[in-house]
Amino acid sequence: MLPFAWHLGHHEASVGLGRGKHASRFGGRVGEMEQRPLFTCSSLSSFKYCPRQYYWGYVRRVRPQLYAPRILLGNAVHEVLERLYVTRSVAAATTTAERHQSVRSAEWWRTTITGYYQTYAREIIDAVDAVVEQEFRIQISSEIDFGGRLDLALGESLLDHKSTGIKDANRWGRNRSWEQLYAYAFALMTEGHTITTLVYNVILAEQKGPKRFLRISRPVDPRELDTIPMRIQACADRILESVEYEAQPGGRCRACFYAPLCDQKMGPDVSDEALLSTGFKCKARQHEELSPGAPHPD
Ligand code: SF4
């Protein structure tokens, strides 16, 4: 069995893992792990889509001043659902949602929280032993660690919360990648949990009534699970060998935080001063403004 630790910490090549409130629940061999680079699903998928995007996000760690509404909604939904599952109280979740009325109206939050509770009341009431918004870090090899933050593990099901402005549930589910859920299931099973089902727990933000709540699930395929460490290692190897972080323009550019930098033909040799002049936050100069748990396009 691989060593496993629920852990706060990050490496230059990782997204920060700083939002956890439950990190002490699991403990583990952390000190040794901090010596190795840590990769996450977000950082690996960012590199796969476009090495230059990875470079901005995880090597230079620049962040936009303002986040897109979809990112803000996603973060707010995670926070409110975390509160709902931890407290099992609609009132507590509603209080948390009050901080996010610039993202969605009080009425939207009221109907979402009460509707969600009515839809999934039994599982929320029974969620006493649920694993909620937990950070984790596991060793993949002698060279790298893999980490992340899982949304919810209920019994043998692993759930990932998603929110979307897309109204058509079928459209949302089409071509959905299950790679992240498999990677998180692998991490949990490394620790000794049993995960048999993967679930996308979706809030269709523009829908009304019960249609706002959607779940798509599939059983865990052990053959798929077995490929996870190899796939993480292969992508991490490409990152560690990368020097140029070449830009790979494509469809993903439309939703990329860093498109203004590409538009201005900025590359890895750009100075911090020039980066700051574009309106991006830059870790090198504004460290205190960078939340380690800052949202990322993935
Ligand atoms: S705008 Fe496109 S090419 Fe530039 S970093 Fe983003 S995804 Fe890559």
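Reader: What makes strand 6 and strand 7 a pair?

Author: This is a predicted model, and in it strand 6 (residues 157-164) runs beside strand 7 (residues 197-204) in the parallel sense, over eight bridges. If you want a spot to look at, His 161 stands opposite Asn 201 in strand 7.

Reader: How do you know that strand 7 and strand 8 pair, and in which sense?

Author: Count the bridges again: strand 7 and strand 8 (residues 213-219) share seven, in the antiparallel sense. The cut-off is at least two bridges, so this counts as a pair as well. Here Val 202 stands opposite Leu 214 in strand 8.

Reader: On to the helices. Why are helix 4 and helix 5 called roughly antiparallel?

Author: Helix 4 (residues 69-87) and helix 5 (residues 90-97) pack at an angle of about 155 degrees, with axes 8 Å apart. Angles over 145 degrees count as roughly antiparallel, and therefore this pair gets that name. Their crossing is right-handed.

Reader: Which residues of helix 4 and helix 5 meet?

Author: From helix 4 you have Glu 79, Val 80, Arg 83, Leu 84 and Thr 87, and they meet Ala 92, Ala 93, Thr 96 and Ala 97 in helix 5. By class, that contact has five nonpolar residues, two polar and two charged.

Reader: And what makes helix 5 roughly antiparallel to helix 6?

Author: The angle once more. The axes of helix 5 and helix 6 (residues 106-125) come within 10 Å and cross at roughly 150 degrees. With the cut-off at over 145, helix 5 is therefore roughly antiparallel to helix 6. Helix 5 passes helix 6 in a right-handed crossing.

Reader: Which residues do the meeting between helix 5 and helix 6?

Author: Val 90, Ala 93, Thr 94 and Ala 97 of helix 5 meet Trp 109, Arg 110, Ile 113, Thr 114 and Tyr 117 of helix 6. That contact divides into six nonpolar residues, two polar and one charged.

Reader: Last one: what surrounds the ligand?

Author: The shell holds Cys 50, Arg 52, Gln 53, Ala 247, Gln 248, Pro 249, Arg 252, Cys 253, Cys 256, Tyr 258, Ala 259 and Cys 262. Helix 3 (51-59) and helix 11 (259-263) are the elements that give two or more residues to it.

Reader: How do the residues of that shell divide?

Author: Into eight nonpolar, two polar and two charged. Cys and Tyr count as nonpolar here, so the Cys residues and Tyr 258 go into that group.

Conventions
Residues are numbered from 1 along each chain as its sequence is written. This is a predicted model: local features need pLDDT of at least 70, side-chain atom pairs count only at pLDDT 80 or more; totals for chains, interfaces and linings use all residues. Axes are lines fitted to C-alpha atoms, for helices over the stretch in contact, and angles run from 0 to 180 degrees between N-to-C directions. Helices (H or I, at least four residues) and strands (E, at least two) are DSSP runs, numbered from the N terminus. Angles under 35 degrees count as roughly parallel, over 145 as roughly antiparallel, 65 to 115 as roughly perpendicular and the rest as oblique. A crossing is left-handed if the near helix is turned anticlockwise from the far one by less than a right angle, and right-handed if clockwise. Two residues are in contact if their C-beta atoms, placed from the backbone, lie within 7 Å. A residue is near a molecule or strand if its C-beta atom, placed from the backbone, lies within 6 Å of it.
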